[in-house]
Amino acid sequence: MLFAVLAVLEEKGIKKGCPLSRINIDETENFLSSRIESSMYCLLDVEGCRLYVTVIERESAPPVVDLNQPVDLVSEYDGVLTRLLTVSGTPAVNVGDRISKGQVIISGVRTYNDGTTAPVRAMGEAWATVECTGEAVFSETKTVLEETGDFYYTTYIGLWGYDSIPKEKKKYEFSKFEDEVFRLFPLGIRVVRRRVAELKERTVSASIEESLPALREEALRNALKNAPFKQYDRVEYVTFKRDNKTVVRAIIYGDVNIIGLNEGDKEFGKKDGEN
């Protein structure tokens with residue numbers, strides 16, 4: 001969009017270094033709107049030596065829906081039906097039924113009291129408890145940080161909420177520090193003696209028992225990535241073997257509006273001859 005605006009402005013004779021006082025604001029706004037196809041209208045504002053251009057883009061028209069065309073409402077998810085509201089059509093399932101993605105929930109048929117039927121456009125809402133899963137694979141080893149035995153001491157002073165910068169005597173890739181604080185009364189001065197120790201990575205064996213909380217947390221995160229809901233009602237964990245590896249699976253359950261577009265809505269709005 002930026003390059004399109006700059007190109008149209010240059011076509012109008014407006015470019016870097018030109019006098020902004022000579023610009024006809026209304027005329028230039030109309031010129032930009034007519035040249036930029038995606039714009040609904042454009043606004044110009046001059047502040048000092050700068051020209052600001054705001055482009056309001058045209059909103060695309062919603063798809064045309066033929067309310068007279070008989071179609072079914074289908075589910076977008078697998079799950080267990082918990083709520084069903086039928087506005088038009090005939091329910092094809094009952095609350096408590098296990099449903100599958102693509103299954104008809106409300107059929108586009110109206111049944112009258114005398115038993116006769118007529119095709120209609122199904123309309124309504126349906127909610128179901130949907131489950132999503134995520135997994136984490138247990139590794140028999142883990143990486144820990146341990147002290148190498150190399151360390152140094154440094155001292156810094158704190159006064160009235162401000163601390164001096166501790167001197168870094170050695171550079172470590174991984175390190176940890178411990179502070180010993182001395183307070184000088186009544187001056188309010190803090191003297192801090194810091195011990196900085198070098199750490200190194202080491203691979204050690206791990207047990208499933210100590211790794212289980214972290215594995216469950218990872219499996220839950222992976223399940224939420226695939227879930228069509230942000231809040232889940234409950235979660236279950238399962239631990240099993242697969243290809244000689246221990247796998248932790250999180251199963252989360254949440255309520256979802258399972259009905260999207262009516263079957264056949266994707267055909268609406270197309271011109272004759274379009275595929």
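**View 1. The largest pocket of the predicted model has a volume of about 450 Å³**. The model is predicted, so that local features need pLDDT of at least 70 and side-chain atom pairs count only at pLDDT 80 or more, whereas totals for chains, interfaces and linings use all residues. Residues are numbered from 1 along each chain as its sequence is written, and side-chain values use heavy atoms, with hydrogens and water left out. A pocket is an open set of points on a 1 Å grid over the protein atoms alone, where a 1.4 Å probe fits, with protein on both sides within 12 Å along at least five of seven lines; its volume is the space filled by probe spheres set on the points. Among the 18 lining residues (an atom within 4 Å of a point), Leu6, Leu9, Lys15, Lys16 and Leu51 lie nearest the centre. Helix H1 (2–11) and strand S2 (50–57), both DSSP runs (helices H or I, at least four residues; strands E, at least two), each supply at least two residues of this lining.

**View 2. The buried residues of helix H2 (25–35) are Thr28, Glu29, Phe31 and Leu32**. Buried means under 20% relative accessible area and exposed over 50% (1.4 Å probe, protein chains only). These residues lie on the same side of H2, because they cover an arc of only 165° around the axis, taken from the directions from the helix axis to the C-beta atoms. The face turned away from this buried side carries the exposed residues Asp26 and Asn30.

**View 3. Ile252 is in contact (heavy atoms within 4.5 Å) with residues including Val130, Leu220, Phe229 and Tyr232, its neighbours within four places in sequence being left aside**.
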